[in-house]
Amino acid sequence: QVKLVESGGGLVQSGGSLRLSCAASGRRNDLYEVGWFRRPPGKEREEVARIGWSGGNTEYTHSVKGRFTISKDDVEDTVYLQMDRLKPEDTAIYYCAAREYLWGSYVSSFGSWGRGTHVTVSA
């Protein structure tokens, strides 16, 4: 099972930027896809973006399109979330999670999770 560790959160003014990092260790050869999720205060967790590990294809939720960019560094085994033009509604705990190959062409759901990093955007 892969281990994921998030970092880079903090306090930022509205309109500012942050870059979150998700460092992967362990069975990285089994990675299929890595995603960023967030849980705003008092709300349910939602998906923000995801990236394919081998192909690099990306997907974003509508509310962050044009503002957030997910990317990966294959040398450092790290996934990034560049967040620009931040808004107060982006305030949340941000998590990264991974889908992994089980056997053959079967893949897991997002079952490996990091501990999260806090992002607070002030008005």
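**Notes on the disulfide, the strands and the buried charges**

1. Let's start with the cysteines: the link of Cys22 and Cys96 is right-handed, with 75° about the S-S bond. Cys22 sits in strand 3 and Cys96 in strand 9 (residues 92–103), so the pair ties together parts that are 74 residues apart in sequence. Keep in mind that this is a predicted model, so the 2.1 Å between the two sulfur atoms is a computed value. A search of the whole structure turns up one disulfide, and both Cys22 and Cys96 are buried.

2. Strand 3 (residues 18–26) runs antiparallel to strand 1 (residues 2–7), and six bridges join them. If you want a landmark there, look at Leu4, which stands opposite Ala24. Strand 3 also pairs with strand 8 (residues 78–83), again in the antiparallel sense and over six bridges. Here Leu20 has Leu81 of strand 8 as its bridge partner.

3. Back to strand 9, which also holds Glu100. Is Glu100 buried or exposed? Its relative accessibility is 10%, so Glu100 counts as buried. The side chain of Glu100 makes a polar contact of 2.9 Å with the side chain of Ser112. Beyond its neighbours within four places in sequence, Glu100 is in contact with a list of residues including Gln1, Arg27, Asp30, Tyr32 and Tyr106.

4. On to the salt bridges, of which the count is seven. One of them pairs Glu33 with Arg99, with 3.3 Å between the closest N and O atoms. Glu33 belongs to strand 4 (residues 31–39) and Arg99 to strand 9, so this pair ties together parts that are 66 residues apart in sequence. Glu33 has a relative accessible area of 7%, which means that Glu33 is buried.

5. Glu47 and Arg50 form another salt bridge, their closest N and O atoms 2.6 Å apart. What are the two residues like in terms of accessibility? Glu47 comes out as partly exposed at 27%, whereas Arg50 is buried, with a relative accessible area of 16%.

6. Last, have a look at Arg38 and Glu46, whose side chains meet in a salt bridge at 2.7 Å, N to O. Arg38 is buried, with a relative accessible area of 4%, while Glu46 counts as partly exposed at 31%.

Definitions and conventions. Residues are numbered from 1 along each chain as its sequence is written. This is a predicted model: local features need pLDDT of at least 70, side-chain atom pairs count only at pLDDT 80 or more; totals for chains, interfaces and linings use all residues. Side-chain values use heavy atoms; hydrogens and water are left out. Two strands pair if DSSP finds at least two bridges between them. Helices (H or I, at least four residues) and strands (E, at least two) are DSSP runs, numbered from the N terminus. A disulfide is a pair of cysteine sulfur atoms within 2.5 Å. Buried means under 20% relative accessible area, exposed over 50%, partly exposed in between (1.4 Å probe, protein chains only). A polar contact is a pair of N or O atoms within 3.5 Å; within protein, one must be able to donate a hydrogen and the other to accept it, and residues adjacent in sequence count only if both atoms are side-chain atoms. Contact means heavy atoms within 4.5 Å. A salt bridge is a side-chain nitrogen of Lys or Arg within 4 Å of a carboxyl oxygen of Asp or Glu.
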